[in-house]
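Dear colleague,

Please find below the structure we discussed. My notes come after it.

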Amino acid sequence: MGKVYVFDHPLIQHKLTYIRDKSTGTKEFRELVDEIATLMAFEITRDLPLQEIEVETPVQIAKANVLAGKKMAIVPILRAGIGMVDGILKLIPAAKVGHIGLYRDPETLQPVEYYFKMPSDIQEREIIVVDPMLATGGSAIEAVNSLKKRGAVKIRFMCIIAAPEGVEALQTAHPDVDIYIAALDEKLDDHGYIVPGLGDAGDRLFGTK
């Protein structure tokens, strides 16, 4: 079963409080999501492999570490996932970015893929799928399905707020995917919204209703 990591860093928790607040406007909400994504990227990259090289300092030759050339890809689920991409790229600027577009079928309520664009070598990359919210888990599960169908094997999922139901659903469908979240909330309500959550992340990021 994939591991679940809940980040309790004080800076993440502080900023999370303000994105929950309904009085936080679009501009500030967007900036805070960006900042939280950067802080989460710092935590999620903790286990990246290093290799030792030699570098010449002004004093002498020194042994030092650099990243071991692991290829990474950030894959936002459209549309809200876009709000987290730039924050991650600040720390991992060499990562490629793919996009998955999903919508919910009004009759079956199941997610349907309408857009998929990835780096050509997605099979070789370590992938971080990002979406601010993990509610029912349907979109996350379908996004990972889409990636695996195209040969991706190393996949992690990162979100800001998750419901226990979504975490359980994603773990059951994809036990090989580790989940990284900033807050594990109480539950889903009857409309599939996370409680207490922060409302609709896409609407709050882009100022739509």
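The model is predicted, so local features need pLDDT of at least 70 and side-chain atom pairs count only at pLDDT 80 or more, while totals for chains, interfaces and linings use all residues. Residues are numbered from 1 along each chain as its sequence is written, and side-chain values use heavy atoms, with hydrogens and water left out.

UniProt (unreviewed entry) lists residues 6–208 as "domain: Phosphoribosyltransferase"; its positions are given in the numbering used here, feature names are shortened, and annotations may be inferred rather than shown by experiment. That span is 33% helix and 32% strand, and its end C-alpha atoms lie 29 Å apart. Helices (H or I, at least four residues) and strands (E, at least two) are DSSP runs, numbered from the N terminus.

Leu 134 lies in strand S9 (residues 133–134). Leu 134 is buried, at 2% relative accessible area (buried is under 20%, exposed over 50%, partly exposed in between; 1.4 Å probe, protein chains only). Beyond four places in sequence, its contacts (heavy atoms within 4.5 Å) include Phe 157, Cys 159, Leu 170 and Ile 194.

Gly 138 lies in helix H4 (residues 138–149), and Ser 146 is in helix H4 too. Ser 146 counts as buried because its relative accessibility is 0%. Leaving out residues up to four places away in sequence, Ser 146 touches Ile 100, Glu 113 and Phe 116.

Regards
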